[in-house]
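Work through the exercises below with the structure in view. Each task is followed by a worked solution.

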Amino acid sequence: MAVFDKLYKNYRKLMFGIAYDILKNEQDAEDAVQDAFFRIADNLDRINDEDSPQARNFAAVITRNVCFNVLRKRHIKDDIDDADVSSDVSAEDEFLAGQGVETLERALMSLPEKYRDIMYLTVYEELKLRDAAELLGITYENAKSRVKRARKKISDFLEKEGYFN
């Protein structure tokens, strides 16, 4: 069985579930999964083993980011479950305790894709930074820089929104 076919068979339901949870619409979720598979097809060289956790996470990251792009284009705000980044960003600790998740979601969605990907993998998927770097095909040092820049951008966004002094 070809690599792409196996990826499709293994992860289409997972990807649809992610897309449906974010978009709350079956047709939009199907479209997002299709777009995600096009992106995966363009990046098959990053997948060494289609049954690995890395392949699963890569499919999840791609799907999630396709959905975020759809939301951003439509200016739709949906809640993201389990958006607890308290262990990673101290400013977000205070924010989550006092305000809620919606503005943090907008901050995360406003990040450029390369920063959103690394934050998704390290925060939501709870991957170690080295594993996230490997999955994204970047060096560990590059991953550290992206996380640092993403945190700064989130903090700047929240400050601009008036949540911090």
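**Exercise 1.** Which exposed residues are carried by the face of H7 turned away from its buried side?

Solution. The face of H7 opposite its buried side carries Arg130 and Glu134, both exposed. Exposed means over 50% relative accessible area, buried under 20%, and partly exposed in between (1.4 Å probe, protein chains only). The model is predicted: local features need pLDDT of at least 70, side-chain atom pairs count only at pLDDT 80 or more, and totals for chains, interfaces and linings use all residues. Residues are numbered from 1 along each chain as its sequence is written, and side-chain values use heavy atoms, with hydrogens and water left out.

**Exercise 2.** Find the buried residues of helix H7 and state how they are arranged.

Solution. Helix H7 spans residues 129-136, and its buried residues are Leu129, Ala132, Ala133, Leu135 and Leu136. Viewed down the axis of H7, these residues fall within an arc of 165° (taken from the directions from the helix axis to the C-beta atoms), so they line one face of the helix. After H7 comes Gly137, with a positive phi near 75°.

**Exercise 3.** Describe the helix content and the buried share of the protein.

Solution. The protein has eight helices and zero strands; helices (H or I, at least four residues) and strands (E, at least two) are DSSP runs, numbered from the N terminus. Along the sequence the pattern reads α-α-α-α-α-α-α-α. Of the 165 residues, 44% count as buried.

**Exercise 4.** Is Glu30 buried, partly exposed or exposed, and in which helix does Glu30 lie?

Solution. Glu30 lies in helix H2, residues 26-42. Its relative accessibility is 38%, so Glu30 counts as partly exposed.
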